[in-house]
Amino acid sequence: MYYAIFFRACILILGLCILSSCLEKKHQAKKTTKKEIVSTPQSKSDLQLLDSLFNTHKEFESIQFDSPVGKPSYKGYYNAQEFRENDHLGEDWNGVGGGNSDLGDPIYSISNGYIYSSKNIDGGWGNVIRIIHSYKNKYYESIYAHCDSIFVKEHQFIKRGEQIGTIGTANGSYLAHLHLEVRDSIFMDIGAGYSTESKGYLNPTEFIKTH
Ligand SMILES: [Zn+2]
């Protein structure tokens, strides 16, 4: 009698052990799958991932580039600081009304692309959106800085001319303007916005006009 109870108890414990081990394995499998889904290209070693993203979303490859403000060609805006003026690595687009008259104005994606970063960062940058463009088998990046608000999430595709955010002051650091950069070297650090070294940076207006 006692042997029978002992035997049943053993079977029950063994059963519980097998069940909990199965549940654990299932949980681990779930975790791995989730990690694969959220992984996104962040560095040069992830170029293959970027290639496969654009290969499966060919409708988001770039055909043409337009201005990021006053669509389609800077209507109502002027460039207050040219590319390379004072070692500037981008352009500062301001409304012709001056001051903060352009605060909250729309910012558009200059072309089709993939948003790999869209967030508030430190160092006088404020809200920054970084978009990778695939154009004629080469990658370019456009950067939109000091935004008042951002309407797009990381890891999504975007079409040319879609609104991605609004012009801002980087949390009150400057009078409202859009700092725009265009790079032909993707995944570089955000940098300082100014440098005597401009390798990897392009003249945005020139690039947009000729592409
Ligand atoms: Zn600037």
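View 1. In β9, Gly165 is the bridge partner of Ile150. This is a predicted model: local features need pLDDT of at least 70, side-chain atom pairs count only at pLDDT 80 or more, and totals for chains, interfaces and linings use all residues. Residues are numbered from 1 along each chain as its sequence is written. β7 and β9 (residues 163-166) run antiparallel and are joined by two bridges. Strands are DSSP runs (E, at least two residues), numbered from the N terminus. Two of them pair if DSSP finds at least two bridges between them.

**View 2. An open sheet of three strands.** The order is β3-β9-β7, with antiparallel pairing. β3 (106-108) and β7 (149-150) stand at the edges. Each has a single partner strand, so one side of each is left without a neighbour in the sheet.

**View 3. β10, covered on both faces.** Six of the six residues of β10 are buried. Buried means that 20 or more other C-beta atoms lie within 10 Å of the residue's own; exposed means 12 or fewer, and partly exposed is in between, with C-beta atoms placed from the backbone. In a regular strand, side chains alternate between the two faces of the sheet. On one side of β10 are Leu178, Leu180 and Val182. On the other are His179, Glu181 and Arg183. Both sets are buried.

**View 4. The pairings of β10.** Strand β2 (residues 91-95) pairs with β10 in the antiparallel sense over three bridges. Here Glu91 stands opposite Leu180. Strand β6 (residues 138-147) also pairs with β10 in the antiparallel sense, over five bridges. Ala145 stands opposite His179 in this pairing. β11 runs antiparallel to β10 and is joined to it by two bridges. Across from Arg183 stands Tyr201 of β11.

View 5. Where does Gly193 lie? Its place is in the loop between β10 (178-183) and β11 (201-202). Gly193 is partly exposed, because 19 other C-beta atoms lie within 10 Å. Gly193 touches Leu89, Gly90 and His179, not counting residues up to four places away in sequence. Contact means that the C-beta atoms of two residues, placed from the backbone, lie within 7 Å. Gly193 and Leu180 are 13 residues apart in sequence. In space they are 9.6 Å apart, C-alpha to C-alpha.

Technical notes:
Helix = DSSP H or I, 4+ residues; strand = E, 2+ residues; numbered from the N terminus.
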